[in-house]
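Hello,

Here is the structure I promised to pass on to you. Please open it next to this email, and then read on for what turned up in it.

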Amino acid sequence: MASSGRIRAFPLLLLIILIAIGGGVFMLFRDRTAPVTELSPLTVYVSKNMQLTAHAEDAKSGIRSMAVQVTAGDKTWDIASAQFPDKPASANLAFSLKDLPLKDGDIVIDVFAVDGSYAKFGGGNMAHLSRTHTLDTQPPRIAITSGVINITRGGAGAVSYSVDEEPAMTGVRAGDYFFPAYKQANGNWSALFAFPYTMDVQDYQPVLMATDAAGNEAAVNLSVNARPREFRDDTINLPQSFLDRKMPEFAQAFPDKKNNLDIFLAVNSIMRKNNRQALLEMGQHSRPTPLWHGAFLRMPGATMAQFADHRSYIYNGEKVDEQTHLGFDLASTQRADVPAANDGVVAYTGNMGIYGNCVVIDHGMGLMTLYAHMSEIAVSTGDEVTKGQSLGKTGSTGMAGGDHLHFGVLVSGLPVMPVEWWDAHWIQDNLSEKIPDVMGTTANGS
């Protein structure tokens, strides 16, 4: 009887063994897909200091390990490797070529990634990505064709130059600001740039830079005659009647504010900052060649406020805020026609916070003009406009206490002094003579 029982139990035991073996085989071979690998940045040219990143993904089994090799000629280097005990679904391995004895020319970068599966008897699936790059360690060469540049605090200047290779990025840096250059028909590059109103003469040193496709950067200090300029202080009284009349327009943007003074302070700081950031971003995208001709038009009317006035805001006898006014406030009759200051293309129309209903015109090479507080807009984004064409009517939208035009001039989004652009002689001396290959005679006259 015992022998018979053992015989009957044998098939069951065999079934269990087969299931176990089958399960093991399934575990070994259920994931036979290698990880997905990438190498960034996706560029042909690389430099020794460029930060490169190998990336691997495997949603099923995770990433167990990664490694990177670099080959030049008949030599290969193991440059980076990492183990990932937790087997994340994706992993990165950063590296550079700075410590390798490489010469300019072709190199091969190989990326290996192993997943966390039991495939290949526990070894996991391996992915192999191989890419050929050109190592370039030489920065571009810049040759400036402009002479010494005179520039005043809060004002603008121009430079023209050549680069011996096509740059990935080029322009002028001044502090935290970047002013892109634009390639012209003759192959040279030209840039308008500013002396930021926030900087002092001793701190202002604009740098002309060019970065090639490999990330090598050339930088040249611009020869500038930087001149100081002081700006006015102004006091703005905030009557309760103004707050009660204007702040309900902005209440929805700041629902957490309990009273009209708190709304005003939020609009005057947070919204103002956001609006200026939007203009900076807009200023990085401009037509590459000048669209304007001659001096810019000034709307007739009295000057109510000037560029870079430092304003102190007084409420019930106490200072509650301070800001900088970055344009000219011009007032004539109510709902006066607003003329386009020069030829260009409308880059923006609509409501922009503190500026209310406004129009922004792109005049090319990063130069734009802003028309704010309008009651009526007569143009649309993308329209080509000519000097003197009506853009609409003045008004008191946004943070305006009465009917007027806030007129601003911006270079790559940074406000600069409008008075320079109203002056035909300034344009001749600072544009036509500095970048004649771009301006020709278009900037002369009025």
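Where pLDDT is low, the predicted coordinates should not be read in detail. Over the chain, the mean pLDDT is 91, and 91% of the residues reach 70 or more.

Some ground rules: this is a predicted model, in which local features need pLDDT of at least 70 and side-chain atom pairs count only at 80 or more, while totals for chains, interfaces and linings use all residues. Residues are numbered from 1 along each chain as its sequence is written, and side-chain values use heavy atoms, leaving out hydrogens and water.

Now look at N342, in the loop between strand 24 (337-339) and strand 25 (344-351); strands are DSSP runs of E, at least two residues, and helices runs of H or I, at least four, numbered from the N terminus. N342 is buried, at 0% relative accessible area (buried is under 20%, with a 1.4 Å probe and protein chains only). A polar atom of its side chain lies 3.2 Å from the backbone oxygen of G294, and the side chain of N342 reaches the backbone oxygen of A295 at 3.5 Å.

Last, helix 5 (residues 424-432) has W426, I427, N430, L431 and S432 buried. They sit on the same side of helix 5, because they cover an arc of only 160° around the axis.

Happy exploring!

Technical notes
Buried means under 20% relative accessible area, exposed over 50%, partly exposed in between (1.4 Å probe, protein chains only). The arc is that of the directions from the helix axis to the C-beta atoms. A polar contact is a pair of N or O atoms within 3.5 Å; within protein, one must be able to donate a hydrogen and the other to accept it, and residues adjacent in sequence count only if both atoms are side-chain atoms. pLDDT is the predictor's confidence in each residue, from 0 to 100.
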